[in-house]
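Q: Please show me, step by step, how to read the features of a structure like this one.

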Amino acid sequence: MGSGARIEAFLEMMAAERGASDNTLASYRRDLEDAALHIAAGGNALQDAGAEELRDFLGALSAQGFAATTQTRKLSALRQFFQFLYAEGLRGDDPTGVLDSPKKGRGLPKTLSEEETGRLLEQAETEAREAAKGAPEHLAAVRLHALLEVLYASGLRVSELVSLPVTVALRDERFFAVRGKGGKERIVPLSGKARTAMQAWLSVRAEKPACAESTWLFPASSESGYLPRQVFARELKKVAARAGIETSKISPHVLRHAFASHLLQNGADLRAVQELLGHSDISTTQIYTHVLEKRLAELVQKHHPLAD
């Protein structure tokens, strides 16, 4: 029986016994047929392939620039195909058992430069100052300025930011506690500019009875009672465009990354940044090691006596 027949038998099993969808079956078919063509070029049939031949196939995918996720998907199809052959007694071993999954590279997070972040905050501050007092756009502009200053000063997750209690602003302190993922509490800082922006927002907020009575810092007529993160994200993109920043590179999460990157660029310790971001594992924070590497290289270049 040729490779095509073995693949068909496998697909029939996936449909009948595991209820695989048409899309899943089509994906398995493509992946297995691609592997069969590659193996056949070396003179062998897919069902008879050894570990080295399969490893060579995966290596060819990598060389052609296929993403690690695509390679992993194709390897998954091969694993299930050979497990089927083994279970049916059509093969005495499973060559995929010794194959390592392709390592998924972790892309660098999008961020803003310090200059871009400064432009963004200046634009928001100008709009908050110039909007006609009492007009709906004034309320939105002052709120947005407060949101941005607090986000960049604290590195909060967007869900933590929009759901802040009003007591954070009423206390007007340099630090406050926030409860993040898994109910874990951490202390985050507030800059002088963030505190000033929050006090300006409190004044405007107090003028609107529906807002003044809310326990949320950024109240809204939503199911949760506070500003939906999607609304904040939309407002952020609009002010970024007016500041001359590409909207494709801006989001609330990008400002959180900017907070972390700029701290590290200016000498902060990675462990301290981990605590501020609320990462439970240092490995999550290590996406920022490229920032540290650049800073350390510049440090050596500047201060080492033998540096060129």
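Q: Is Phe81 buried or exposed?

A: A residue is called buried under 20% relative accessible area, exposed over 50%, and partly exposed in between, using a 1.4 Å probe and the protein chains only. Phe81 has a relative accessible area of 0%, so Phe81 is buried. Keep in mind that this is a predicted model, in which local features need pLDDT of at least 70 and side-chain atom pairs count only at pLDDT 80 or more, while totals for chains, interfaces and linings use all residues. Residues are numbered from 1 along each chain as its sequence is written, and side-chain values use heavy atoms, with hydrogens and water left out.

Q: How many aromatic pairs does the structure hold?

A: Rings of Phe, Tyr and Trp (its six-membered ring) pair if their centres lie within 6.5 Å, and the planes count as stacked under 30 degrees apart, edge-to-face over 60, and tilted for the rest. The structure holds six such pairs. In one of them, Phe10 and Phe81 have ring centres 5.8 Å apart and planes at 90 degrees, so this pair is edge-to-face. Phe10 belongs to helix α1 (residues 3-18) and Phe81 to helix α4 (residues 68-87), so the pair ties together parts that are 71 residues apart in sequence; helices (H or I, at least four residues) and strands (E, at least two) are DSSP runs, numbered from the N terminus.

A stacked pair is formed by Trp201 and Phe218, at 6.1 Å centre to centre with 20 degrees between the planes. Trp201 sits in helix α9 (residues 192-206) and Phe218 in the loop between α10 (209-212) and α11, 17 residues apart.

Q: Which residues of α11 are buried?

A: An α-helix has 3.6 residues a turn, so residues three or four places apart point the same way. In α11 the buried residues are Phe232, Glu235, Leu236, Val239 and Ala240. They cover an arc of only 135 degrees around the axis, which puts them on the same side of α11, where the arc is that of the directions from the helix axis to the C-beta atoms. The face turned away from this buried side carries the exposed residues Gln230 and Lys238. Among the elements that cover the buried residues are α5 (114-130), α6 (136-154), α7 (158-162) and α12 (252-265).

Q: Which residues have the most contacts inside the largest nonpolar core?

A: A nonpolar core is a set of buried Ala, Val, Leu, Ile, Met, Phe, Trp, Tyr and Cys residues joined through side-chain atoms within 4.5 Å. The largest one has 46 residues, and Leu120, Leu148, Leu217 and Phe232 have the most contacts inside it. At least two residues of this core come from each of α5, α6, α7, α8 (167-171), β1, α9, α11 and α12, and α6 gives the most, with 10 residues. Leaving aside residues up to four places away in sequence, Leu148 touches Leu120, Leu121, Ala124, Phe232, Leu236, Val239 and Leu255, where contact means heavy atoms within 4.5 Å. Apart from this core lies another, of 27 residues, including Leu46, Ala77, Phe81 and Leu85.

Q: In what sense do β1 and β2 pair?

A: Two strands pair if DSSP finds at least two bridges between them. Here β1 and β2 (residues 185-189) pair in the antiparallel sense over five bridges, and Val178 stands opposite Arg186 in β2. Five residues lie between the strands of this hairpin, in which Gly182 takes a positive phi near 70 degrees.
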